[in-house]
Amino acid sequence: MTNDVVKLRQALHRNPELSGSEVETARRIVRFFKPLKPTEMIEGLGGHGLAVVFSGQEVGPTVLLRCELDALPIQEITPFSDRSWVEGVGHQCGHDGHMAIVAAVGVALARQRPKRGRVVLLFQPAEETGKGAAEVVKDDRFSMIAPDYAFALHNLPGYPLGQVLICDGAFSAASRGMAITLTGKTAHAAQPETGRSPARALCKIIQQFSSLPQDIDAAHEMAFVTVVGANLGEKAFGTAPGRAEVWATLRSETDDMMACLIAQAEAVVADAAKADGLEYRIDYDDIFGATVNASAAANIVRRCAGEVIQEIEQPFRWSEDFGRITATCKGAMFGLGAGEDTPDLHDPHYRFPDELIAIGADLFLRIIRQCLLEPSASW
């Protein structure tokens, strides 16, 4: 790990940008890589994404490593000198560290380029909203990359520093935000019978959502609904409300179970609205498919991680859009322990440990070596 990579992480941390707005972050990465003279840099990929390509002289597989450009709308609370300079925005998920890990891989590749095949370092936009990977894959230039293998990591507080967590199949959950609007008819509070209040339907939806996962045959899969907010009327004591909103997050282990969960949740809304003569509308946002690991790719991670590997029995409940990329090739995502005492992801006190940069980069380089069959590489 070079000092320049640590300085890059600190600069990225001080200047976070939200999903879809990662203009300066991408430019900073371009400036870092230009002196390293990669084979190619594809800018503006799926938005503000960047693909840095290192090609070998011989034909071989293409290995893609993905990291994320975006930060979170969270106010950082730390005493460190490299804390965020942007009010209300911070890298409290460690994406600055993920970028630094992949940048360190780039430094090693510039020093000793692959003999065969290609390595693509993808700096992806808008992971936090679930839109970035989809836009990258949809970009016509992604077909120029066409990876045979794709890998990504996420740092995980609460686990020993450098421990690798992996599994076959679903690694992280599918999720989506559900926004429900109920519309009836406003009335005078003294004559509520002349209107159509959504109050009873709102309460019924909230109550039934809390028990919905128990009402479907989940086949032992993780599936649940979390009501995250609701709104009914106003502080107007003379008025019976005619409009209400409910916001919920649907979360499941697999995409098939998500389809079942959506159908059941929509049926609950339709029945509650019909019972009280209400109109309703359902919108979805922050849509993430399950991130599913191919066994062949997960086995490569296992071989390269060695004794620090730990198998997970259930997918993590948080969601990731890397599944959009693994759907195009053999891919795997793994967790990398960030320390047992490190504050949780999305915690205002969270800070990515710089010691993890060398650990993550070394593992990625072993994975590249395994995929490209270059046992003599001295990365």
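The model is predicted.

**The sheet**

Begin by selecting the strands of the open sheet, of which there are 8, in the order β1-β2-β4-β3-β5-β16-β6-β14. Their pairing is mixed. The edges are held by β1 (40–45) and β14 (309–311); each has a single partner strand, so one side of each lacks a neighbour in the sheet. From one strand to the next, the twist averages 25°.

Next, select β1 together with β2 (residues 49–55). The two strands pair in the antiparallel sense, over 5 bridges. Within this pair, L45 stands opposite G49 of β2.

**Helices on the sheet**

**α2 against α3**

Keep these two helices in view. Their axes come within 11 Å and cross at roughly 20°. Because angles under 35 degrees count as roughly parallel, α2 is roughly parallel to α3. The crossing of α2 past α3 is right-handed. To see the contact, show the side chains of T25, I29, F32 and F33 in α2, which meet M99, V102, A103, G106 and V107 in α3. By class, this contact has 7 nonpolar and 2 polar residues, with no charged ones.

**α3 against α10**

How are two packed helices described? By the angle between their axes and the distance between the axes. For α3 and α10, the axes come within 8 Å and cross at roughly 55°, which makes α3 oblique to α10. This crossing is right-handed. On the α3 side, select A100, I101, V102, A104, V105, A108 and L109; they meet L356, I357, G360, A361, F364, L365 and I368 in α10. The residues of the contact divide into 13 nonpolar, 1 polar and no charged.

**α8 against α10**

The contact is made by I300, V301, R303, C304 and A305 of α8 with L363, R366, I367, Q370 and C371 of α10. Its residues divide into 7 nonpolar, 1 polar and 2 charged.

**A salt bridge across the chain**

Side chains of opposite charge can pair when their charged atoms come close. A search of the whole structure finds 16 salt bridges. To inspect one of them, select D82 and R9, whose side chains meet at 2.6 Å, N to O. This pair links distant parts of the chain: D82 lies in the loop between β3 and α3, R9 lies in helix α1 (residues 3–14), and they are 73 residues apart.

**The loop at G56**

Finally, select G56, in the loop between β2 and β3. Which residues does G56 contact, leaving aside its neighbours within four places in sequence? They are P114, K115, R116 and G117. Although G56 and P114 are 58 residues apart along the chain, their C-alpha atoms are separated by 4.8 Å.

Conventions. Residues are numbered from 1 along each chain as its sequence is written. This is a predicted model: local features need pLDDT of at least 70, side-chain atom pairs count only at pLDDT 80 or more; totals for chains, interfaces and linings use all residues. Side-chain values use heavy atoms; hydrogens and water are left out. Two strands pair if DSSP finds at least two bridges between them. Helices (H or I, at least four residues) and strands (E, at least two) are DSSP runs, numbered from the N terminus. Axes are lines fitted to C-alpha atoms, for helices over the stretch in contact, and angles run from 0 to 180 degrees between N-to-C directions. Angles under 35 degrees count as roughly parallel, over 145 as roughly antiparallel, 65 to 115 as roughly perpendicular and the rest as oblique. A crossing is left-handed if the near helix is turned anticlockwise from the far one by less than a right angle, and right-handed if clockwise. Contact means heavy atoms within 4.5 Å. Ala, Val, Leu, Ile, Met, Phe, Trp, Tyr, Cys and Pro count as nonpolar, Asp, Glu, Lys and Arg as charged, and the others, Gly among them, as polar. A salt bridge is a side-chain nitrogen of Lys or Arg within 4 Å of a carboxyl oxygen of Asp or Glu.
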